[in-house]
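Please open the structure and keep it beside this note. The points below are meant to be checked by eye.

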Amino acid sequence: MASLIDELIQTLEKENAAYQELHVLSTQKTDIIVKGDIQALTDIVEREQILMTNRVQPLEKKRRECTNDIATVINRKPEDLTLSKLIELMGGQPETQKRLSEVRDRLQKTMKQMAKVNDMNKVLLKESLELVEFDINLFNSMRQAPLTANYDKNAYNVGEHMRVPRAFDKSQ
């Protein structure tokens, strides 16, 4: 069982390191979003996807396997065996309990940092999209001319928009 716990701890440490790399990329992404550099944003998203596919997902699979093996040894359901529960069960082994607790705390800290940066990036992207939408609406409204002052016999305005040439008209 000790070897299973050691393997789980090593897997969690590797997983934390991978998430820290993702955190660094997310922080870089913040600056890129602010600058509006679409190509750099595309590149960093690709790097994130590669990191997720090549490192995080295999480590996550390994962590689940370790948890399943430990659950089998201690006769528990794998879905009921959380890291906190495992730490609690290791009460008779203070060194192992301490190591598990430390790795859990580091992982939680990294995840909170990532969530904070990702939430900020989400807000920045939303604001960027709203700004683009505003610019498009402004551009479209600039193409419309004011109403002409045409009135019918009852003094109602029946004016029509004056024709304004389009900015990208082929005939110009």
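This is a predicted model: local features need pLDDT of at least 70, side-chain atom pairs count only at pLDDT 80 or more; totals for chains, interfaces and linings use all residues.

The notes that follow look at one helix and at some salt bridges.

1. Look at the length of helix 2. This helix covers residues 38–73, which is 36 residues. At 1.5 Å a residue, helix 2 should span 52 Å. Its end C-alpha atoms are 50 Å apart, so the two values agree.

2. Check both ends. Asp-37 caps the N-terminal end of helix 2. One of its side-chain oxygens lies 3.4 Å from the backbone nitrogen of Gln-39. Just after the helix, Asn-75 takes a positive phi of about 60°.

3. Which residues of helix 2 are buried? Among them are Ala-40, Leu-41, Ile-44, Glu-48 and Leu-51. Val-56, Leu-59 and Cys-66 are also buried. The buried residues of helix 2 pack against helix 1, helix 3 and helix 4.

4. Turn to the salt bridges. The structure holds 10. One joins Arg-63 and Glu-60, at 2.4 Å from N to O. These two residues sit three apart in helix 2, about one turn. Glu-60 also forms a salt bridge with Arg-64, with the closest N and O atoms 3.9 Å apart. Arg-64 is partly exposed, at 43% relative accessibility. Shared partners join Glu-60, Arg-63 and Arg-64 into one network.

5. Another salt bridge links Asp-105 and Arg-104, at 3.2 Å from N to O. Asp-105 is partly exposed, at 39% relative accessibility.

Notes
Residues are numbered from 1 along each chain as its sequence is written. Side-chain values use heavy atoms; hydrogens and water are left out. Helices (H or I, at least four residues) and strands (E, at least two) are DSSP runs, numbered from the N terminus. The expected span of a helix is 1.5 Å times one less than its number of residues. Buried means under 20% relative accessible area, exposed over 50%, partly exposed in between (1.4 Å probe, protein chains only). Contact means heavy atoms within 4.5 Å. A polar contact is a pair of N or O atoms within 3.5 Å; within protein, one must be able to donate a hydrogen and the other to accept it, and residues adjacent in sequence count only if both atoms are side-chain atoms. A salt bridge is a side-chain nitrogen of Lys or Arg within 4 Å of a carboxyl oxygen of Asp or Glu.
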